[in-house]
Amino acid sequence: NAVPQSPDHASGPTVIGHRGASGYRPEHTLASYELAARMGADYVEPDLVSTKDGVLVARHEPEIGGTTDVSKHPEFADRKTTKMLDGVAVTGWFTTDFTLAELKTLRAVERLPQVRQRNTVYDGRYQIPTFQEIIDLVQRLDRELHRDIGIYPETKHPTFFKNLGLGTDQKLVDTLNRNGLNRRGAKVYVQSFEVGNLKALHRQLRVPLIQLTEATGQPYDFTVSGDKRTWADITSAAGLREVATYAQGIGPDKNQVIPRDATDHLGKPTSLVKDAHAARLKVHPYTFRPENVFLPADFRSSADPTAYGNLFGEIETYL
Ligand code: G3P
Ligand code: CA
């Protein structure tokens, strides 16, 4: 049951450009991914969602009101709708109501303008990229930069898309196959929060899988699978042993693992890293950036620019 050999560094942390270099360009744009690669990231991380015509594109969520200029397009005013997303009513514009051609008329905007004000100068410049365009970019940069830049896609809300007849699994598998990336040794990880999704992908993919986890006491996805376990169950020593039957690592919220002697959401000492390693799982925590941590009000003027590690770079370092 050895963990498959990964193409990571022999030593030191693996660095993932979370949604690209999202501290410097609007997230999930080709500009963001390219900058992450040029900054030295080992991987770029696209969140994958489906269009109405079944194309995989990169957006943090299926709802795109906050990450694009769609609200400024009068021709799409009547596409605003409310949908149930994993048990929560969400109002806005959903990728599932737009063809790829329609989405390409939109432009990305900074999702967190209060936090990343510097990014707002790029609002309106970049299109929503397809997964294939991201792969093409990475392969072009491989040749230019003479190194193998990895791709670390996340299947976002896969059951939501499946229930709409727009399942993303087969498209992901097909795209990786078509690009010669569904093979051992390819610099690819596939990650998801949904256990059932990863178990299904495990049967079709030869690249390592990562089980994402959350630092909450909630059932992990009670609205989509009927699984009554909590995240605490899934990250228990026994839960991790089960994860190891279909995945090669976990992707915990960093608050579950840092500092090593931190307490988890239940207020108990956490042994997550130790337990995961005992189950022969890699540990790839997310995400080192300002909106996920408690920063002092004056963090922008901190005298010590290194005080928060590389938080401002928004480059995700994986343990
Ligand atoms: O890489 C894990 C992380 O990306 C999951 O959370 O919301 O940033 O996609 P999110
Ligand atoms: Ca993600």
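A residue is termed buried if 20 or more other C-beta atoms, placed from the backbone, lie within 10 Å of its own, exposed if 12 or fewer do so, and partly exposed in between. The structure is a predicted model, in which local features need pLDDT of at least 70 and side-chain atom pairs count only at pLDDT 80 or more, whereas totals for chains, interfaces and linings use all residues. Residues are numbered from 1 along each chain as its sequence is written, with chains lettered from A and ligands numbered from 1 in the order in which they are written.

The secondary structure of the protein chain comprises 10 helices and 13 strands, these being DSSP runs (H or I of at least four residues for helices, E of at least two for strands) numbered from the N terminus. Of the 319 residues in the chain, 44% are buried. Among contacts with a separation of 6 or more, 65% join residues 24 or more positions apart, a contact being defined by C-beta atoms, placed from the backbone, within 7 Å.

In helix H6 (residues 195-202), the buried positions are Val195, Asn197, Leu198, Ala200 and Leu201. An α-helix has 3.6 residues a turn, so residues three or four places apart point the same way. The buried residues of H6 pack against helices H4 (158-163) and H5 (169-178) and against strands E8 (154-155), E9 (190-192) and E10 (209-213). Together, E9, H6 and E10 form a right-handed β-α-β unit; a crossover is right-handed if, with the strands pointing away from the viewer, the path from the first strand over the helix to the second runs clockwise. E9 and E10 run parallel and are joined by three bridges, with Val190 opposite Leu209 in E10; strands are taken to pair if DSSP finds at least two bridges between them. E10 also pairs with strand E11 (residues 249-252), in the parallel sense and over four bridges, and Thr213 stands opposite Pro252 of E11. Four of the five residues of E10 are buried, and this strand is mostly covered.

Strand E6 (residues 88-92) lies largely in the open, because the number buried among its five residues is zero. Its partner is strand E5 (residues 81-85), with which E6 pairs in the antiparallel sense over five bridges; Thr81 has Gly92 as its bridge partner in E6. E5 and E6 form a hairpin with two residues between them, and Asp86 in the turn has a positive phi of about 50°.

Positive phi values also occur elsewhere in the chain, at His28 (near 55°) and at Arg280 (about 60°). His28 lies in the loop between strand E1 (14-18) and helix H1 (30-38) and is buried, with 27 other C-beta atoms within 10 Å. Arg280, in the loop between helix H10 (272-278) and strand E12 (282-283), is partly exposed, with 14 such atoms within 10 Å.

The largest nonpolar core contains 60 residues, of which Val44 and Ile151 touch the most other members; such a core is a set of buried Ala, Val, Leu, Ile, Met, Phe, Trp, Tyr and Cys residues joined through C-beta atoms within 7 Å. Residues up to four places away in sequence aside, Val44 touches Gly17, Gly20, Tyr33, Ala36, Ala37, Val138, Ile149, Ile151 and Tyr152.

Ligand 1 is surrounded by residues including His18, Glu45, Asp47, His60, Glu154 and Tyr286, where the C-beta atom, placed from the backbone, must lie within 6 Å of the molecule.

Technical notes. Two residues are in contact if their C-beta atoms, placed from the backbone, lie within 7 Å.
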